[in-house]
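I opened this entry to keep track of what I looked up, strand by strand and ring by ring.

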Amino acid sequence: TRRAVLDGLEDGRKVVLERSLHLGIERNGWTTNLRGPRFGQDFLLRAAVAKDQIYVAIPEEAVYPIGRVDRDGRPLDGRNRYRIRIPANDPPPVDAFWSITAYDDAGYMVENPIQRYSIGDRTRGLVRGSDGSIEILLQHEPPAAGGSGNWLPVPAAPFYLMMRLYVPRQPALNGSWVPPAIEKIVH
């Protein structure tokens with residue numbers, strides 16, 4: 001009986017994990033639940049959201065895209081390097097602010113040498129390209145000298161990202177805005 005209960009718990013964990021990878025709209029490595037805490041009778045969505053985003057606001061206050069895979073569908077792992085490029089002409093559509101936070105696979109922020117746990121439009125020292133774009137680097141090791149302004153440290157292991165869009169505008173609320181791709185950097 002004990003083994004059956006433990007097997008059932010493990011099966012349930014796997015079902016919730018799988019649902020957490022598919023919260024709603026899926027694009028560029030992000031999955032976005034546009035219902036917020038309005039779950040109705042969808043108890044599996046409720047469990048999946050609780051797994052990675054236990055306290056969610058209504059969508060009109062905040063939307064929380066989750067990134068667990070890169071744009072090609074490969075799981076994020078800090079033994080690789082990634083980038084997210086936010087074009088100057090297509091920033092996250094918000095009336096308050098946006099940020100991206102990195103978590104280890106268990107859902108905890110990871111200690112890092114610059115004590116940066118999120119990056120967003122309010123980050124001090126954020127560097128813009130000559131075209132006004134923002135390129136965020138996601139990697140475990142520090143970038144080359146002088147390149148840490150847009151570095152979001154990640155663990156040297158599987159991790160995930162949570163984007164927070166506070167007071168989102170209509171394109172974020174109706175799903176027409178697409179979060180920028182999580183691109184694996186290949187060298």
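My notes on strands, cores, rings and backbone angles follow. I keep in mind that this is a predicted model.

**Strand β6**

I began with β6, residues 98-104. How many of its seven residues are buried? I found six, so I noted the strand as mostly covered, with buried meaning under 20% relative accessible area.

Next I looked up its partners. β6 pairs with β10 in the antiparallel sense, over seven bridges.

**Nonpolar cores**

I then turned to the cores. In soluble globular proteins, nonpolar side chains tend to be buried together. The largest nonpolar core here has 24 residues. Which residues have the most contacts inside it? They are Ile84, Ile100, Ile136, Leu138 and Leu161. I traced the supply by strand: β5, β6, β8 (134-139) and β10 each give at least two residues to this core. β10 gives the most, with four.

**Aromatic pairs**

I counted three aromatic pairs. I wrote up two of them.

Tyr82 and Phe159 form an edge-to-face pair, with 5.9 Å centre to centre and 70 degrees between the planes. Where do the two sit in the chain? Tyr82 is in strand β5 (residues 81-86) and Phe159 is in strand β10 (residues 159-166). They are 77 residues apart, so I logged the pair as a link between distant parts of the chain. Both Tyr82 and Phe159 are buried.

Phe97 and Tyr166 have ring centres 4.7 Å apart. Their planes are at 40 degrees, so this pair is tilted. Phe97 is in the loop between β5 and β6, while Tyr166 is in strand β10. This pair also links distant parts of the chain, at 69 residues apart.

Arg68 lies over the face of the Tyr160 ring, at 4.1 Å from the ring centre.

**Positive phi**

Asn28 has a positive phi of about 55 degrees, although it is not a glycine. Asn28 sits in the loop between β1 (25-27) and β2 (30-32). Its relative accessibility is 30%, so I put it down as partly exposed.

Gln115 also has a positive phi, near 50 degrees. I found Gln115 in the loop between β6 (98-104) and β7 (118-120). Is Gln115 buried or exposed? Its relative accessibility is 60%, so it counts as exposed.

How values were computed: Residues numbered from 1 in each chain as written. Predicted model: local features only at pLDDT ≥ 70, side-chain atom pairs only at ≥ 80, totals over all residues. Heavy atoms only, no water. Buried < 20%, exposed > 50% of the residue type's maximum accessible area, 1.4 Å probe, protein only. Phe/Tyr/Trp six-rings, centres within 6.5 Å; stacked < 30°, edge-to-face > 60°. Lys NZ or Arg CZ within 6 Å of the ring centre and 35° of its normal. Pairing = 2+ DSSP bridges. Core = buried A, V, L, I, M, F, W, Y, C linked by side-chain atoms within 4.5 Å.
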